[in-house]
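Here is a short briefing to read alongside your model.

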Amino acid sequence: MKIEYQETTNDLATRIDIHSKFGSRNIDSWMIDLIKLQPHMKILDVGCGAGKQCFSYHTALKGQAEITGGDVNKELLNQAKQQNESRKTGMCFVELDFNQKFNFPSGSFDFTSCCFAIYYALDVPFTIGEMHRILKPGGQLFTTGPMPENKKLFYEIIKEATGKPIPPMPGSSRYSTEFLSTIKSVFKSVEVHIFENPLVFDTVDPFLSYTRASLSEDRKLWGDLFSGKEGFEKVMSQIEQVAKKRLEKDGRLVMTKVVGGFLASK
Ligand SMILES: C[S@@+](CC[C@H](N)C(=O)[O-])C[C@H]1O[C@@H](n2cnc3c(N)ncnc32)[C@H](O)[C@@H]1O
C-alpha cells in the first residue's frame, strides 16, 4: 500500500485532547495494566510522536528504566525533547525511520512498542522484523491500532456527507489482518486485547474539531475526498450539516474508539 501520510503536531494534540475530554476510559492506564513493565527495563517506543507513551512508561516505573523514543517527524520529536527537558526525565528521543534498519544492536531491548503508528510502515514484515531483532530473547512487543469497527459514526457521517466511499485507511484496513498475521508469524506468542472508548458529544463542535484534525489536508490521507483548502472547507460544511441532523435525531453523537492491543513475546 502506498502511504501518503504526514502527522502534524497540532492535529495529533487536538485528537489526543478530544479523546481525554470526551471519552470515559483512559487508554494509557489500560496499556500500563496490560504490559506489566518491570523496573530497570530497556524500552524502545517506535513512532513515539510527542512522547505520550514514553512519559506514561516513565511515570509508571517511577523513572527506573532506560527509555528511548524514536520518530521520523522532527517537529514532534522536538516537542518530546522539550517536555523531557522540563520534566528532567533523562529519557532519550532520537530520529528513527521504521522503514529503515534501526540503529540499535540485535537483542538489546526488553520491551518495544509502537502505538498508533506501525500501520504507516511501507513493508510490514521488514518493520516487524526490526522490532523483533532489537528485542532480547523473551522480550515483548506491544502495538496499538484501530480495529475495523473503530469510529463507525465518524466514517458513516463522512460517507453520507460526501456521497463518496471512504478511502482505504492504512490503519483500520490492515492492522487486524496484515499486521496481526505478520506479528504472529514472527513472534513466539501473541495476545490480542481490545480497548473500547465511547466518545460522547452533546454538541457538534468537538466532533467537527476531531474531524478537522483527522481529515486535514496536511495529513494527506483523505486526498480522494477533496482538493485544496476550498474543497476541504466545502466537505467540512457538508459534514457539519449531517452531524447536526444526527445530533437532533439521537440527542448526542457517540463515536466509539475500538483499539486492538497486540502483545507479543519473542
Ligand atoms: C498518530 S501518531 C502517534 C504518535 C504517538 N505514538 C502517540 O500515540 O501519541 C503516528 C506517529 O507515527 C510516526 N511515523 C509515521 N511514519 C513513520 C516512520 N516511517 N518512522 C517512524 N515514525 C513514523 C509519525 O511521525 C507520528 O508521530
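How many nonpolar, polar and charged residues does the shell around the ligand have? It has ten nonpolar, five polar and four charged residues; here Ala, Val, Leu, Ile, Met, Phe, Trp, Tyr, Cys and Pro count as nonpolar, Asp, Glu, Lys and Arg as charged, and the others, Gly among them, as polar. Please bear in mind that this is a predicted model, in which local features need pLDDT of at least 70, side-chain atom pairs count only at pLDDT 80 or more, and totals for chains, interfaces and linings use all residues. Residues are numbered from 1 along each chain as its sequence is written.

**Around the ligand**

- The ligand is surrounded by 19 residues, where a residue counts as near if its C-beta atom, placed from the backbone, lies within 6 Å of the molecule.
- The closest of them are Gly-47, Gly-49, Val-72, Asn-73 and Ala-117.

**The nonpolar cores**

- As background, nonpolar side chains in soluble globular proteins tend to be buried together.
- A nonpolar core here means a set of buried Ala, Val, Leu, Ile, Met, Phe, Trp, Tyr and Cys residues joined through C-beta atoms within 7 Å.
- A residue is buried if 20 or more other C-beta atoms lie within 10 Å of its own, exposed if 12 or fewer, and partly exposed in between, with C-beta atoms placed from the backbone.
- The largest nonpolar core has 43 residues, and Ile-43, Val-46, Cys-54, Ala-80, Ala-117 and Met-131 have the most contacts inside it.
- At least two residues of this core come from each of β1 (42-46), α3 (52-60), α4 (74-87), β4 (109-115), α5 (124-133), β5 (135-146), α7 (175-186) and β7 (253-265); helices (H or I, at least four residues) and strands (E, at least two) are DSSP runs, numbered from the N terminus.
- Strand β4 gives the largest share of this core, four residues.
- Another core lies apart from it and has 14 residues, among them Ala-161, Phe-201, Ala-213 and Ile-239.
- Cys-54 is in contact with Asp-45, Cys-48, Ile-67, Gly-69, Ala-80 and Met-91, leaving aside neighbours within four places in sequence; contact means that the C-beta atoms of two residues, placed from the backbone, lie within 7 Å.

**Met-255 in strand β7**

- Met-255 is part of strand β7, and this residue is buried because 24 other C-beta atoms lie within 10 Å.
- Not counting residues up to four places away in sequence, Met-255 touches Lys-151, Leu-153, Phe-154, Leu-199 and Phe-207.

- Helix α8 (residues 204-215) and helix α9 (residues 228-250) have axes 10 Å apart and pack at an angle of about 145°; axes are lines fitted to C-alpha atoms, for helices over the stretch in contact, and angles run from 0 to 180 degrees between N-to-C directions.
- The crossing of α8 and α9 is right-handed, a term for the near helix being turned clockwise from the far one by less than a right angle, while anticlockwise makes a crossing left-handed.
- On the α8 side, the contact is made by Val-204, Phe-207, Leu-208, Thr-211 and Arg-212, and α9 brings Met-236, Ile-239, Glu-240, Ala-243, Lys-244 and Leu-247.
- Those residues divide into seven nonpolar, one polar and three charged.
- Helix α1 (residues 9-22) crosses α8 at roughly 150°, and their axes come within 8 Å.
- This crossing of α1 and α8 is left-handed.
- In α1, Asp-11, Thr-14, Arg-15, Ile-18 and Phe-22 meet Pro-206, Ser-209, Tyr-210, Ala-213 and Ser-214 of α8.
- By class, the contact of α1 with α8 has five nonpolar, three polar and two charged residues.

**Two lysines with positive phi**

- Lys-36 sits in the loop between α2 (27-35) and β1, and its phi is near 50°, a positive value in a residue other than glycine.
- Lys-36 counts as exposed because it has 10 C-beta neighbours inside 10 Å.
- Lys-62 lies in the loop between α3 and β2 (66-71), and has a positive phi of about 50° although it is not a glycine.
- Lys-62 is exposed, with 8 other C-beta atoms within 10 Å.
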